[in-house]
Amino acid sequence: MTRALTDWLKLQSLTQQIDQELTAALQTLVDQISLNEFYVLHFLEQAEGQPLRVNDLSAKLGLSQSATSRMLTRFERTYEVIERQPNSVDRFI
């Protein structure tokens with residue numbers, strides 16, 4: 001194996017370990033919130049009241065647009081912490 005590949009695999013393993021530890025920490029602090037849900041809340045807070053498109057949020061999360069949309073639906077319906085608004089401009093791209 002090349003050094004770059006070895007380093008990449010070590011980094012990937014470390015990232016996975018950090019994600020697992022963050023997930024465990026979040027579940028002790030907040031009732032049943034996933035790491036991706038935490039990131040959604042973080043990115044929404046960073047937007048500071050500015051509109052944030054689902055596809056932009058998907059790119060930040062590294063998730064598909066449909067997975068992000070399902071997560072946002074839970075935030076909207078179950079937790080009532082967001083309000084999604086249709087954007088007619090996006091439909092014509």
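1. The largest nonpolar core consists of eight residues: Val-40, Phe-43, Leu-57, Leu-61, Met-71, Leu-72, Phe-75 and Ile-82. Such a core is a set of buried Ala, Val, Leu, Ile, Met, Phe, Trp, Tyr and Cys residues joined through side-chain atoms within 4.5 Å; buried means under 20% relative accessible area, exposed over 50%, and partly exposed in between (1.4 Å probe, protein chains only). At least two residues of this core come from each of α2 (35–47), α3 (54–61) and α4, and α4 gives the most, with three residues. Helices are DSSP runs (H or I, at least four residues), numbered from the N terminus.

2. The model is predicted: local features need pLDDT of at least 70, side-chain atom pairs count only at pLDDT 80 or more, and totals for chains, interfaces and linings use all residues. Residues are numbered from 1 along each chain as its sequence is written, and side-chain values use heavy atoms, with hydrogens and water left out.

3. Met-71, a member of the core, is in contact (heavy atoms within 4.5 Å) with Asn-36, Glu-37, Val-40 and Leu-63, leaving aside neighbours within four places in sequence.

4. Is Thr-68 buried or exposed? Thr-68 lies in helix α4 (residues 65–79) and is buried, because its relative accessible area is 1%. Not counting residues up to four places away in sequence, Thr-68 touches Val-54, Leu-57, Ser-58, Leu-61 and Leu-63.

5. Leu-14 belongs to helix α1 (residues 3–29). Leu-14 counts as partly exposed because its relative accessibility is 44%.
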